[in-house]
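Thanks for coming. I'll go through one structure and how its parts meet.

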Protein chains: 2
Amino acid sequence: MARDERGVTAQSADFSTWYNELVIKAGLVDRGPAKGTMVIRPYGYRIWELLQAELDRRIKETGHENAYFPLLIPQSYLEREADHVEGFAPELAVVTHAGGKELEEPLVVRPTSETIIGEMMAKWISSHRDLPMLLNQWANVVRWEMRPRMFLRTTEFLWQEGHTAHADEPEARAEMELALDIYTTAAREFAAMPVVPGQKTPGERFAGAVETLTIESMMRDGKALQAGTSHYLGTNFAQAFDIRYAAADGRETLCHTTSWGMTTRMIGAIVLTHGDDRGLVLPPRLAPHQVVIVPIMRGDSAAAVLAAAEQLAQNLRAKGIRVHVDGRDQTPGWKFNEWEMRGVPLRVELGPRDLAAGTAVLVRRLGDDGKQIADLATLPTTIPAILDDFQTYLLARATSFRDEHTHEVDDWTSFEAAVATGWALALHCGSPTCVDEIKACTAATPRCIPLTDTPDSGPCVHCSSPSAYGKRVIFSRAY
Amino acid sequence: MARDERGVTAQSADFSTWYNELVIKAGLVDRGPAKGTMVIRPYGYRIWELLQAELDRRIKETGHENAYFPLLIPQSYLEREADHVEGFAPELAVVTHAGGKELEEPLVVRPTSETIIGEMMAKWISSHRDLPMLLNQWANVVRWEMRPRMFLRTTEFLWQEGHTAHADEPEARAEMELALDIYTTAAREFAAMPVVPGQKTPGERFAGAVETLTIESMMRDGKALQAGTSHYLGTNFAQAFDIRYAAADGRETLCHTTSWGMTTRMIGAIVLTHGDDRGLVLPPRLAPHQVVIVPIMRGDSAAAVLAAAEQLAQNLRAKGIRVHVDGRDQTPGWKFNEWEMRGVPLRVELGPRDLAAGTAVLVRRLGDDGKQIADLATLPTTIPAILDDFQTYLLARATSFRDEHTHEVDDWTSFEAAVATGWALALHCGSPTCVDEIKACTAATPRCIPLTDTPDSGPCVHCSSPSAYGKRVIFSRAY
């Protein structure tokens, strides 16, 4: 197979086409038959499993328990919270027939589970001793997508959704912040994504939430991607589903609830954060293969080289490294291209001359430090550090990229220039009409009010009315 | 809360009511709002997670990769394999509307994924080098249930479904057997269920299969429960979905496929295999809490006792034991009843006098060896062995129970007596009409032809026609 058959459009030539081709050709995903659905192939699913393991560990360490709630929700449940149904109604998939008959009440395929979990929490919670109730679910959800894109916007996706009930607002707000911390850490330390934790403006809140926190991340085309959200739902769902408890003094009191989710969209985010013209660049902590060994097999020495490659793989596995030996009947060059395209962080080339010399050739995926000759015997000791460095480097590189493409702007011309290539940090009046005008001119929308930024105020960058929020807002085109 | 409020109907009084009450009261599960759906609560979901971890490890060790396929399948896909659609049509839930519009083609909520995976395999497989293709999926499925029972028959359940494609029949049959081995081992070693691996008779095969293997297990009421199945699908789905490969000689050849699944039904099976009048009895390897420590807290010594309990828990956790300290404000007796009902394998009671003496009181869940006084300091060393013994004992006890309730029978009177309390091992003619007559008289059906039993033949136990299969068949009432 020639390079061009497997090659993808260069990122620098057409970013959008590059992404669409790459996720398919790298074997991450394929299109499903029903509109907007995706098949997550083993190479993509493994990334999800690795992220999932880390999230699940942190979710459990912080006292949450996993449970599973039904996929099919009576349509009337959605209608009990007015904002919620308004937000989700256009995206629902509805089961009207089952068991050969028309149902008396249609069932919606869950787009999210606040309603059905609210119904069950109301049944389970009676006393303050039942609180806090800290639940998490790993599940699939369906939201009908008019403009699907693999991983980023799909009719069905996988996620975890945390749902908690608390005695009062401060405790529920602390929970919302805790969940966002888990996401921030997972995104930074595992996906090497320098996410910005922030507050959503009212127009960008989850349907039914009092407050939504988000982590926003910059992709390599300068657009923002929302990588995880955490909501304080106030007593909205508690009222709709009658989630009450008897306080210590006996008073019947409404619970304060939260919900928070991170999805398979993260796989797309990793592609868009780190990838380059040659394909994927996977952060080692989430790479299905952290190391690929390509044995250079020629004539008589082939068996010895393959055996040495397998032995090295075994020694690396003993150190906890995920390693793959590519013994296929293809040329080394073909394999190099393949594994570069698929984003393996580190390639080890091992040929007869290397073997004789007790060395191997190392090539980092970015290829920026060329081919390194390394001592074969010490690789199981040196490779873990090389992978750690690569992980650190990817986060640092993405952070520099984000910072170089983020501009604090105070006038409209600078704003337009900033959002053409990245993020604008601007003061905004908070008016929905002003937001619509900005969007119409530039396609940029308010992504978040960064949590850690310093207070600021002044005239709105677009309409010059007094600024809202007491801080600057990140505006950006977004996925 | 008094004992009777939490208590369940005794198993010996009414087996069916005992089960229905117990799974709810023990906090394993709750009823979902849509007919036949269940909410798997944290205590039940944890059992599933522990089984899942073991299955997933074994599935990966044997070369399979996890992937994820869409929930929603075009209705026409099901119709491509005649037996398959006939088997599943009555159980389908159908999405007819989505995104606010009626769909051009209805989508079924997957009842199983042979069709959609077949469609994708056809796309991915072209050469013999692509084979075998060994995939597994963890997912939810929906089959409309007219007579639901929690865990055993629910409209939605969780499972893993393996789907593989092979170059020829022997390889595909070997795969079917490998999957059954994984299930047999998981059921015996983790669930302590002495399952019998066997072949399904043609009338009990999966819709679309050439051959179905099963593991059948005896519940404490003598009924059989199918705990996992593995199917050789021949070229049925390969033909329906055009799954072909170019052989080494270039010839276009149909693949041979398999599928195999194990479900959340296993949680119900564990309850029905080991439970007793006082509630659940959980095998240690799948118990959310393997040990519960009940500190006996009185007056001044309460703090010291609780601290000692927490210290013991920490030492046990360091040994990999799942341990829970029950520090709630309830009487010790209340807690003893609660944890017995919830099936915790080992209870440790720790009071001020124990603490002073450097001892603790141990009570195994079955209570059959009374209260044991043990040396507190050595518990982290002795408890792992106690749990192992308990695990072994549960399997041995269930095996004895099964063997005592299994009878080789050659006449109709003995057959009726055998299936009234357990299993009959009988010769059968293989006629579907004869099966129907047996079922009408006794409610018993052919469960499987045990794989390891010795050849046998003679007249059918019911109609005296010559026996089929060359072996005896297990007949039993079944879940």
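One definition before we start: a salt bridge here is a side-chain nitrogen of Lys or Arg within 4 Å of a carboxyl oxygen of Asp or Glu. By that rule there are four salt bridges across the interface of chain A and chain B. One of them joins the side chains of E49(A) and K60(B), at 3.1 Å from N to O.

Some housekeeping. This is a predicted model, in which local features need pLDDT of at least 70 and side-chain atom pairs count only at pLDDT 80 or more, while totals for chains, interfaces and linings use all residues. Residues are numbered from 1 along each chain as its sequence is written, chains are lettered from A in the order in which they are written, and side-chain values use heavy atoms, with hydrogens and water left out.

Now the interface. With contact meaning heavy atoms within 4.5 Å, 50 residues of chain A touch 50 residues of chain B. Of the interface residues of chain A, 100% are also interface residues in chain B, so the copies meet through the same surface.
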